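Please read the points below alongside the model.

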Amino acid sequence: MLPSRYVKHSPASKESVSVQILVLGDIGRSPRMQYHALSVARHGGRVDLIGYHESPPHPDLLANPRVKIYPLSLPPAFLKALPFILSGPLKVLWQVWTLIRVLGYQTPPARWLLVQNPPSIPTLAIALVISILRNTHLMIDWHNYGWTILAGTKGRNHPFVEIAKAYEIALGQAAPTASITVTHAMKRQLQEPPYSIKSPILTLHDRPAAIFQPLDSPPDRRAFLERLTETRDVAANIMAGETRLIVSSTSWTPDEDFSLLLDALVTYANASAAQPLLAIITGKGPQKAHYEARIRDLQAAGKLPNVRVRTAWLAIEDYARLLRCADLGVCLHMSSSGVDLPMKVVDMFGSGLPVAAYAGYESFGELVEEGVNGCGFETADELAAILRRLFGEKGADELRTLRRGARKESELRWDEEWDRVLGRVFGLID
């Protein structure tokens with residue numbers, strides 16, 4: 001039996017706008033798609049948010065009666081024990097079945113289907129088929145390219161990568177309504193060969209949600225640092241400026257080489273007159289255990305004098321508080337495509353936190369302004385030099401300048417950006 005079809009309301013009202021938002025990943029770790037949902041609901045639209053329900057979603061989503069979460073079933077655990085040549089196809093088949101079941105039959109028909117890319121396989125193909133069957137407008141939100149991420153592990157000339165690239169290009173061209181990109185550079189790239197997308201493309205820069213705010217109260221900073229397990233024992237030293245606090249967020253995947261940070265910390269720690277430093281790395285992912293073991297080895301070997309490195313997994317409220325309490329954010333995102341941007345830097349700026357970020361890709365300058373709100377680096381030695389300079393005796397003025405720039409950047413917010421770019425497209429703003 002074919003899925004039910006969307007019937008256009010006439011005259012259309014804001015309350016009649018319905019949007020399915022699909023992320024073939026953990027909803028709680030997909031901030032941009034959660035922000036889309038909150039923006040639609042804020043203007044009176046109905047949202048069905050579809051994805052894996054592993055981490056807690058944004059609390060405002062759970063409290064909003066206009067947002068309903070439809071969890072996707074995770075692939076069976078036994079697939080992980082099989083060779084990739086078997087587990088890969090079986091996982092895709094499982095995803096195809098669950099996507100069709102939820103998108104086509106469990107959710108009511110919607111006017112719009114907004115899908116995150118990547119992952120591209122099988123998401124884009126299933127979304128296109130469902131949009132046709134259910135009379136729904138399909139919009140792709142391009143965060144990056146799936147084939148370039150795959151190339152990071154398989155190599156650009158691998159047959160799977162070539163197939164994935166051709167698939168992604170074909171589906172991008174076939175999407176009939178519109179596309180969204182995270183940078184102007186990505187928009188330009190999608191309009192040119194080999195993508196050559198002819199449908200409208202809109203750039204929606206990531207902006208921080210309201211939960212990320214600069215620090216205005218030193219007593220609040222002290223109270224949080226004394227409460228948080230990872231900072232409790234050095235809270236007094238951080239407040240006195242005797243220990244510096246840096247924060248980095250990661251999904252512990254190959255596109256972020258944490259060897260850069262660890263090597264930089266070793267170099268920093270062994271320099272003369274290095275100020276004591278606490279580095280907190282938040283997040284979870286496949287390479288976390290590997291790097292935790294390396295951190296323990298470095299500490300046991302005495303290579304990190306006066307430097308403590310701790311890992312954490314925090315609720316979004318505590319993560320936002322940690323950012324506003326830190327002295328510097330560190331981002332190791334290495335763009336596989338060269339044209340995406342890391343959301344974590346956006347959240348750091350939203351918290352008034354200056355950043356030191358990996359700078360070796362084309363779109364870096366769309367977010368970080370060198371010497372204004374952050375510093376760029378490409379090697380561990382360059383990152384170590386930034387830490388020594390900013391936390392040295394003569395670095396206080398530069399750090400204050402960068403913090404002022406980050407606070408100015410924090411004035412640019414998601415709600416205003418979303419309303420300007422997508423509010424009228426979805427029919428939610430007159």
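**Notes on the model**

1. E256 and K344 are both buried, where buried means under 20% relative accessible area, exposed over 50% and partly exposed in between (1.4 Å probe, protein chains only). The two residues form a salt bridge whose closest N and O atoms are 2.2 Å apart; the term stands for a side-chain nitrogen of Lys or Arg within 4 Å of a carboxyl oxygen of Asp or Glu. E256 lies in the loop between β8 (244-249) and α10 (259-269) and K344 in helix α13 (residues 343-350), so the pair ties together parts that are 88 residues apart in sequence. Helices (H or I, at least four residues) and strands (E, at least two) are DSSP runs, numbered from the N terminus.

2. On provenance: this is a predicted model, in which local features need pLDDT of at least 70 and side-chain atom pairs count only at pLDDT 80 or more, while totals for chains, interfaces and linings use all residues. Residues are numbered from 1 along each chain as its sequence is written, and side-chain values use heavy atoms, with hydrogens and water left out.

3. A search of the whole structure gives 20 salt bridges. One of them joins the side chains of R227 and D318, at 2.8 Å from N to O. Because R227 is in helix α8 and D318 in helix α12, this pair ties together parts 91 residues apart in sequence. R227 is partly exposed at 42% relative accessibility, whereas D318, at 15%, is buried.

4. D233 and R308 also form a salt bridge, with 2.9 Å between the closest N and O atoms. This pair links distant parts of the chain, D233 being in the loop between α8 and α9 (235-239) and R308 in strand β10 (residues 307-312), 75 residues apart. D233 is partly exposed, with a relative accessible area of 48%; R308 is partly exposed as well, at 39%.

5. The buried residues are W414, E417, W418, D419, V421, L422 and G423. They pack against α1 (31-42), β5 (137-142), β6 (178-181) and β7 (201-203).

6. H36 is placed in helix α1 and counts as buried, at 1% relative accessibility. Leaving aside neighbours within four places in sequence, H36 is in contact (heavy atoms within 4.5 Å) with residues including W414, W418 and L422. I21, L114, D141, I180 and L204 are also among the contacts of H36.

7. The second largest pocket holds about 360 Å³ of space. Of the 14 residues that line this pocket, R221, R244, A326, D327 and R403 are the closest to its centre. On a 1 Å grid over the protein atoms alone, a pocket is an open set of points where a 1.4 Å probe fits, with protein on both sides within 12 Å along at least five of seven lines; lining residues have an atom within 4 Å of a point. Grid points are joined across faces, edges and corners, and the volume is the space filled by probe spheres set on the points.

8. Which helices supply at least two residues each of the lining of the second largest pocket? They are α8 (218-227), α12 (316-325) and α15 (396-409). α15 gives the most, with 5 residues. The lining divides into 7 nonpolar, no polar and 7 charged residues. Here Ala, Val, Leu, Ile, Met, Phe, Trp, Tyr, Cys and Pro count as nonpolar, Asp, Glu, Lys and Arg as charged, and the others, Gly among them, as polar.
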